[in-house]
Amino acid sequence: NEEMVVASEKLSVIGQLAAAVAHEIRNPLTSLKGFIQLMQTTNTINHDHLDIMLSEVDRIDLISGEMLILGKQQETHFRPERLDDILQQVLVLMEAQANLDNVSITYENLSEKLLYVSAESNQLKQVFINIIKNAVEAIPPSRDGKVSITLEEQGTNAQVVVKDNGVGMEPERIEHLGEPFYSTKEKGTGLGLAVCKKIIQRHKGQIHFQSDIEKGTAVEISLPIEEEPSAFTD
Ligand code: ADP
Ligand code: MG
């Protein structure tokens, strides 16, 4: 059943993210602990250290805040959302996972104007999480992993391109993408792209794949641009 499929993929994505996020939260915690212990033994306050401690706390706050947003009940209404905001929020989450896998993620907003789309933000975040996750997973550990994300205006659409320098796919495989349970991974669910397609369809958008064997893959997601909401209404 479709609801269950969506729910279970959500769980698996969050489950796998949890390990990376926990790791990412542990680093600032370890550093905080070290500075606190130093203060205890020296019985002095170093203001440079306090600055670092504060930024470590901010980092933990940011990550846990994003996890909260992701875990929230799905909104039932579409509303104008800034696509750059959604991408930034997803990036915070995915950087943790990518760091673990030795992949660097870059994000570039190439649009002159703010791009709004009519969206349920949690669902749209799920789309980008699933696609970026695939990009990271496609890169062999031996490779200097790079995932680039760009946002631009394409006529009446906002277009997001997620590019990786991973293993790529044969054209035959591209045809199967989005079929539920189609996976070439040992521990894959084959649900990530099925969920993406469904959500993108609900948002009246489109998804395209371009891939070169051994060179990498580009996933293009386009969504109709929504007029900027008036400052005087909500
Ligand atoms: P899963 O990631 O669990 O396998 P998905 O639906 O997310 O399921 O992806 C289905 C399949 O599509 C993957 O198993 C993989 O073969 C292929 N795929 C998706 N994205 C990429 C990519 N960026 N590079 C190479 N192959 C990909
Ligand atoms: Mg996947």
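## Basis of the model

Residues are numbered from 1 along each chain as its sequence is written, while chains are lettered from A and ligands numbered from 1 in the order in which they are written. In this predicted model, local features need pLDDT of at least 70 and side-chain atom pairs count only at pLDDT 80 or more, whereas totals for chains, interfaces and linings use all residues.

## Overall make-up

The protein chain holds 6 helices and 7 strands, taken as DSSP runs numbered from the N terminus (helices H or I, at least four residues; strands E, at least two). Of its 234 residues, 29% count as buried, a term that requires 20 or more other C-beta atoms, placed from the backbone, within 10 Å of the residue's own.

## Helix 3

Among the buried residues of helix 3 are Leu83, Val90 and Met94. Just after helix 3, Asn102 takes a positive phi of about 65°.

## Around ligand 1

Ligand 1 is surrounded by 22 residues, the closest being Asn134, Ala138, Ser183, Gly188 and Gly192; a residue belongs here if its C-beta atom, placed from the backbone, lies within 6 Å of the ligand. Helix 4 (121–137) and helix 6 (192–202) each supply at least two residues of this shell.

In helix 6, the buried residues include Gly192, Leu193 and Ile200, and just after this helix Lys204 takes a positive phi of about 60°.

Note on methods. Buried ≥ 20, exposed ≤ 12 C-beta atoms within 10 Å, placed from the backbone.
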